[in-house]
Each structure stands twice: as structure tokens, then as C-alpha cells.
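I opened this model to look up a few local features, and I note here what I found in the order in which I checked it.

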Amino acid sequence: MQNSSANNNEKKILPIILSGGFGKRLAAKIGDHTPKQFLNILSNRSLLQKTLLRIAKKPRFFHDSIITINRQFYDIVQKQLTEISCNYTSMIIEPKSLNTAPAVAFALFHALNLFGPKQMVAIFPADHYFSHFVAIERAMNNIMKFKEENKLTAFGVIPNTESNNQYGYIGIDKTVAVVNGNIYSSNCFIEKPQNHVATKLIKSKSFFWNIGVYFASIEWFLTNIAKYNIETYKISKLSWKWADINDKIVRPDEHIFCLQNSISLDKAILEKQKDFLTISIAGKWSDLGCLNNIIELTMNSGIFHNSLA
């Protein structure tokens with residue numbers, strides 16, 4: 001008979017934190033070329049630190065994170081982790097930023113070795129603003145009870161403007177609410193449509209903004225990467241096989257890793273999906289991709305001191 005601690009450990013979610021981007025849209029506006037995930041925006045902690053602290057507050061719910069970073073920012077990341085005394089499962093140091101699909105694929109192969117194919121993983125961006133992270137946690141708990149490990153769950157928010165062509169969109173079927181009225185069957189991802197298309201999507205009331213948080217088993221992600229982007233799958237697998245692994249620090253084989261093309265997870269596999277789940281999340285969210293996003297958030301009362309909600 002398994003003990004309760006073993007059972008609890010099996011039910012934990014493994015977070016994969018993507019923090020290897022350069023945030024070029026925002027950097028061009030504010031004149032600071034430090035990637036936004038390392039900046040103290042709307043808080044006295046960086047966006048990366050806040051992401052990790054939110055997860056660390058729930059040790060019964062989450063495993064320690066796998067963090068992906070670019071090697072240029074290793075010193076910054078180590079300094080910020082030391083400041084918050086945060087544990088992590090592994091830190092993957094990419095030799096080159098090739099967008100989110102290669103980052104996720106490599107992290108998944110590493111996670112497969114540590115946890116096995118049935119482990120549920122949650123992919124989080126390190127550079128977004130969430131006003132109510134607890135809503136994401138509760139939603140994941142609902143999905144865990146629903147036991148849809150062979151299906152993708154995406155997370156979205158209801159658009160609050162007439163049009164926005166800087167965000168991705170998730171198409172939902174509102175007539176099929178699965179649990180508590182906020183889990184929907186979904187049929188498409190649309191990445192950053194033209195403005196007139198975005199306006200139509202919002203007016204239809206059948207689309208959410210895609211907040212970039214995804215939830216499924218390791219097996220589901222790797223199966224779909226192999227199906228829709230075999231280059232990323234094969235090169236990531238091989239670069240992990242020849243990786244330099246020193247305790248928690250993981251360095252992909254540079255030559256092999258850099259053979260692949262740069263591609264987002266959205267383009268690689270998500271836009272191919274026609275049958276998945278979406279959970280609507282309450283609260284404010286922004287990808288903080290431009291200066292206007294930050295100005296809009298700072299104009300709302302109560303934002304500054306809600307950074308760890």
C-alpha cells in the first residue's frame with residue numbers, strides 16, 4: 001500500500017517556467033535591454049521572482065520548477081534566485097534563444113527523465129502579469145480532478161477591449177461547459193490576428209485572449225511535438241542526450257541545439273489543435289509587451305501591492 005506522501009507527490013504539477021526571451025517590444029520603448037522578466041515591474045520583485053514565489057507558496061500542489069533561461073542572463077538569474085531563497089528542480093541554460101517550442105521540448109525531455117511520461121506539467125511565461133494567480137491554481141486543481149491527461153488545457157481571459165492584435169486568441173464552444181461553468185471545449189488558436197480580424201473575434205464573444213499558460217502530461221506534449229514538428233522533437237531529444245548535466249544545472253549540447261529553427265510553441269503545435277479544453281480565468285492579465293500595457297495597469301488602483309496574489 002502506497003503511503004499518502006507518495007500519492008500526494010504523484011499528484012503534484014511540474015511547472016516549466018519560460019524565461020529565456022528578450023522582450024524586444026518593450027525594450028525598444030523603455031530603452032532598457034534587460035529582458036522584462038528580470039525587471040521590477042509593478043512590484044519590488046522581478047516578474048521572474050514573482051512567478052517562482054507564487055509557485056513556491058504551494059509546495060503541496062507544485063513540484064519545484066524547471067526554469068529555462070538564456071546563458072547571457074545566468075548571473076542575473078542566480079542573483080535573483082538567491083534574493084528570494086527559491087529552490088528549483090533544474091535550470092536549463094540555453095546557448096541560443098530559439099523561441100518557445102525548442103525551449104519547451106528540451107525541458108520536456110529533461111522532465112521525462114526525472115518524472116516519467118504521465119507527469120502533468122504546467123507551462124508558464126515568466127514575463128506576464130497576473131493579478132489573481134490563485135485562480136490559475138484552482139483551475140488546474142479542477143482539471144486534475146477531471147483527469148484529462150491526454151488532452152491539452154489552455155488558459156484564457158475574457159477580452160476587455162474592442163480590439164487587440166497583440167494577443168493570441170482561443171476559440172471556445174460556449175455550449176459545452178464541462179465543470180463549474182468555466183471549462184469549455186475549444187477548437188482553435190489564432191496567434192496575433194490583424195486588427196480587423198481581432199475586432200470580429202471579440203464581437204463574436206466566442207474567443208478568449210490566450211494568456212500563454214498550458215497544462216497537459218509530458219506524454220501529450222511530446223507526442224504532439226513529434227507529430228507536428230519532428231525537427232524540434234528530434235533535435236531537442238538529441239541535444240538532451242548529449243547535454244552537460246551538473247546537479248541542477250543543465251546545458252544542452254550547443255552544436256546540436258542550434259541546428260534547429262526558431263519557432264514558437266503556438267506555431268509548432270498549438271495552432272494545429274482542434275480539440276482541447278480552455279479555462280477562463282478571472283482577474284487582470286497582461287503580457288506587458290508594450291509600455292501602454294504597464295501604464296494601463298498602473299492607472300488601476302490596488303495593482304502595486306497585489307503582486308503575490
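This is a predicted model: local features need pLDDT of at least 70, side-chain atom pairs count only at pLDDT 80 or more; totals for chains, interfaces and linings use all residues.

I began with C188, which is buried at a relative accessible area of 15%, where buried stands for under 20% relative accessible area, exposed for over 50% and partly exposed for in between, with a 1.4 Å probe and protein chains only. C86 is likewise buried, at 11%. I then searched the whole structure for disulfides, taken as pairs of cysteine sulfur atoms within 2.5 Å, and the search returned 0.

Residues are numbered from 1 along each chain as its sequence is written, and side-chain values use heavy atoms, with hydrogens and water left out.

Next I looked up S217, which I found in strand β9 (residues 207-217) and which is buried at 0% relative accessibility. A polar atom of the S217 side chain lies 3.0 Å from the backbone nitrogen of W220.

Finally I turned to helix α8 (residues 218-228) and helix α9 (residues 230-241), whose axes are 5 Å apart and which pack at an angle of about 120 degrees. The two helices are therefore oblique to each other, given that under 35 degrees counts as roughly parallel, over 145 as roughly antiparallel, 65 to 115 as roughly perpendicular and the rest as oblique. For the contact, meaning heavy atoms within 4.5 Å, I listed L222, I225, A226 and Y228 from α8 with I230, T232 and Y233 from α9. Of these contact residues, 6 are nonpolar, 1 is polar and none is charged.

Note on methods: Axes are lines fitted to C-alpha atoms, for helices over the stretch in contact, and angles run from 0 to 180 degrees between N-to-C directions. Helices (H or I, at least four residues) and strands (E, at least two) are DSSP runs, numbered from the N terminus. Ala, Val, Leu, Ile, Met, Phe, Trp, Tyr, Cys and Pro count as nonpolar, Asp, Glu, Lys and Arg as charged, and the others, Gly among them, as polar. A polar contact is a pair of N or O atoms within 3.5 Å; within protein, one must be able to donate a hydrogen and the other to accept it, and residues adjacent in sequence count only if both atoms are side-chain atoms.
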